[in-house]
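Q: I would like to learn how to read a protein model. Please show me the structure, and we can go through it feature by feature.

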Amino acid sequence: QVQLVESGGGVVQAGGSLRLSCAASGSFFSITGMNWYRQAPGKQRELVAHITSGGDTNYADSVKGRFIISRDNAKKTVYLQMNSLKPEDTAVYYCYALYSGSWGQGTQVTVSS
């Protein structure tokens, strides 16, 4: 059973930063692409960032230049560094492993104006 556990969410003022972590169990981590999604109240879940097994990255236009996705295969962990946060970044953030189709439980990020 693959498990993903997110951490690092919280409340921050606009312009601030947070770093989310997603720790994975299992031996698949180094071969899977990983995604970060977010879901704001009343909105659909949207893809925020993607990182391939080789470390190539892609971002949603809304976060490009502000968010950075990275991974540490030795720690089986993917990160989302979020800078210059805006109130519209407020959402529950989820990580997702493409190899297994597994989701984490989500972590709340709230950005106050």
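Q: Is Phe 28 buried or exposed?
A: Phe 28 is buried, because its relative accessible area is 5%. Buried means under 20% relative accessible area, exposed means over 50%, and partly exposed lies in between (1.4 Å probe, protein chains only).

Q: What kind of model is this, and how are residues numbered?
A: This is a predicted model, in which local features need pLDDT of at least 70 and side-chain atom pairs count only at pLDDT 80 or more, while totals for chains, interfaces and linings use all residues. Residues are numbered from 1 along each chain as its sequence is written, and side-chain values use heavy atoms, with hydrogens and water left out.

Q: How many aromatic pairs does a search of the whole structure find?
A: Rings of Phe, Tyr and Trp (its six-membered ring) pair if their centres lie within 6.5 Å; planes under 30 degrees apart count as stacked, over 60 as edge-to-face, and the rest as tilted. Searching the whole structure gives five aromatic pairs. One of them is Phe 28 with Tyr 99, which is stacked. Their centres are 5.8 Å apart, with 10 degrees between the planes.

Q: Where do Phe 28 and Tyr 99 lie?
A: Strands (E, at least two residues) and helices (H or I, at least four) are DSSP runs, numbered from the N terminus. Phe 28 is in the loop between strand 3 (18–24) and strand 4 (34–39). Tyr 99 is in the loop between strand 9 (91–97) and strand 10 (102–103). The pair therefore ties together parts that are 71 residues apart in sequence. Tyr 99 counts as exposed, because its relative accessibility is 54%.

Q: Why is the pair of Tyr 37 and Trp 103 tilted?
A: The pair is tilted because the planes stand at 55 degrees. The ring centres are 4.9 Å apart. Tyr 37 is in strand 4 and Trp 103 in strand 10, 66 residues apart, and the pair links these distant parts of the chain. Tyr 37 is buried at 17% relative accessible area, whereas Trp 103 is partly exposed at 37%.

Q: Which residues do ring pairs link into a cluster?
A: The cluster joins Tyr 37, Tyr 94, Tyr 96 and Trp 103.

Q: Which ring faces does Arg 45 lie over?
A: A charge sits over a ring if NZ of Lys or CZ of Arg is within 6 Å of the ring centre and within 35 degrees of the ring normal. Arg 45 lies over the face of Tyr 94, at 3.8 Å from the ring centre. Arg 45 also lies over the face of Trp 103, at 4.6 Å from the ring centre.

Q: How many salt bridges does the count come to?
A: Side chains of opposite charge can pair when their charged atoms come close. A salt bridge is a side-chain nitrogen of Lys or Arg within 4 Å of a carboxyl oxygen of Asp or Glu. The count here is four. Among them, Arg 38 meets Glu 46 at 2.6 Å, N to O. Arg 38 is buried at 6% relative accessibility, and Glu 46 is partly exposed at 33%.

Q: Which salt bridges does Asp 89 form?
A: Asp 89 forms one with Arg 38, the closest N and O atoms being 2.9 Å apart. Asp 89 lies in the loop between strand 8 (77–82) and strand 9, and Arg 38 in strand 4, so this pair ties together parts 51 residues apart in sequence. Asp 89 is buried, with a relative accessible area of 1%. Asp 89 also forms a salt bridge with Arg 66, with the closest N and O atoms 2.7 Å apart. Salt bridges that share partners join Arg 38, Glu 46, Arg 66 and Asp 89 into one network.

Q: Where is Arg 66 placed?
A: Arg 66 is in the loop between strand 6 (57–59) and strand 7 (67–72). Arg 66 is buried, with a relative accessible area of 10%. Contact means heavy atoms within 4.5 Å. Leaving aside neighbours within four places in sequence, Arg 66 is in contact with residues including Gln 81, Met 82 and Asp 89.
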